[in-house]
Amino acid sequence: MIRLKFNDKTHRSSFRLHPGLESAIMAEPKRAFHSAQGGHQTMATAVYPGSFDPVTKGHLDIIKRAAKINDHLIVAVLNNSAKNPLFTVEERVELLKECCKGIQNVSVESFDGLTVEFAKKRHASVMVRGL
């Protein structure tokens, strides 16, 4: 159940993805990526940014799901000097590499700066975020 508030009135609603639509998306997700010229399929590169300090089962679940629907997934580990992390960025990268070694289309890299700049450098067309 989701509660939405508009103009000081609370509305309750539940949102669900239609089962047929969910099945179609998971069966052929790459069908959604077509170039403007000719409509042929393009390689979808996705970036999943985060601090991953520490990496959790929730992170791994999102990585597995995103890997299924993208041609290449880059797990981007943020090196944020403003935070005092539990693990160094190198340790987090190694932990993620170990956790993702069985997933062929996943790579793990560290970065600093803006996520959008990192994504542009890697020619990523998809940004993955978890809730």
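**Close-up 1. Arg 92, a buried residue of helix 3.** In this predicted model, Arg 92 is found in helix 3. The residue is buried yet takes part in no salt bridge, and the nearest side chain of opposite charge, that of Asp 53, is 4.2 Å away. A polar atom of the Arg 92 side chain does, however, lie 2.7 Å from the backbone oxygen of Ser 51. When neighbours within four places in sequence are left aside, the residues in contact with Arg 92 are Ser 51, Phe 52, Asp 53, Val 77, Leu 78, Pro 85 and Phe 87.

Close-up 2. Helix 2 runs over residues 57–69, and at 1.5 Å a residue its 13 residues should span 18 Å, which agrees with the 19 Å between its end C-alpha atoms. Its buried residues are His 59, Ile 62, Ile 63, Ala 66 and Ala 67. They cover an arc of only 135° around the axis, which puts them on the same side of helix 2. An α-helix has 3.6 residues a turn, so residues three or four places apart point the same way. On the other side of helix 2, Lys 57, Arg 65 and Lys 68 are exposed. The cover over the buried residues of helix 2 includes strand 3 (45–50), strand 4 (72–78), helix 3 (89–99) and strand 5 (106–111).

Close-up 3. Asp 61 forms a salt bridge with Arg 65, and the closest N and O atoms of the pair are 3.1 Å apart. Both residues lie in helix 2, where they are four residues apart, or about one turn of the helix. Asp 61 is partly exposed, with a relative accessible area of 35%, whereas Arg 65 is exposed, with a relative accessible area of 52%.

**Close-up 4. The salt bridge of Glu 98 and Lys 101.** By the rule used here, the count for the model comes to three salt bridges. In one of them the side chains of Glu 98 and Lys 101 meet, with 2.7 Å from N to O. Glu 98 counts as partly exposed at 49% relative accessibility, while Lys 101 is exposed, with a relative accessible area of 60%.

**Close-up 5. A salt bridge between distant parts of the chain.** The side chains of Glu 109 and Arg 122 meet in a salt bridge, with 2.7 Å from N to O. This pair links distant parts of the chain, 13 residues apart, with Glu 109 in strand 5 and Arg 122 in the loop between helix 4 (115–121) and strand 6 (126–127). Glu 109 is partly exposed, with a relative accessible area of 22%, and Arg 122 likewise counts as partly exposed, at 31% relative accessibility.

**Close-up 6. Thr 45 in strand 3.** Thr 45 is found in strand 3 and counts as buried, at 12% relative accessibility. Not counting residues up to four places away in sequence, Thr 45 touches His 72, Ile 74, Arg 122, His 123, Ala 124, Ser 125 and Val 126.

Conventions. Residues numbered from 1 in each chain as written. Predicted model: local features only at pLDDT ≥ 70, side-chain atom pairs only at ≥ 80, totals over all residues. Heavy atoms only, no water. Helix = DSSP H or I, 4+ residues; strand = E, 2+ residues; numbered from the N terminus. Expected span 1.5 Å × (residues − 1). Buried < 20%, exposed > 50% of the residue type's maximum accessible area, 1.4 Å probe, protein only. Arc of directions from axis to C-beta. Contact = heavy atoms within 4.5 Å. Lys, Arg positive; Asp, Glu negative; His and termini not counted. Salt bridge = Lys/Arg side-chain N within 4 Å of Asp/Glu carboxyl O. Polar contact = N/O pair within 3.5 Å; in protein donor to acceptor, adjacent residues only side chain to side chain.
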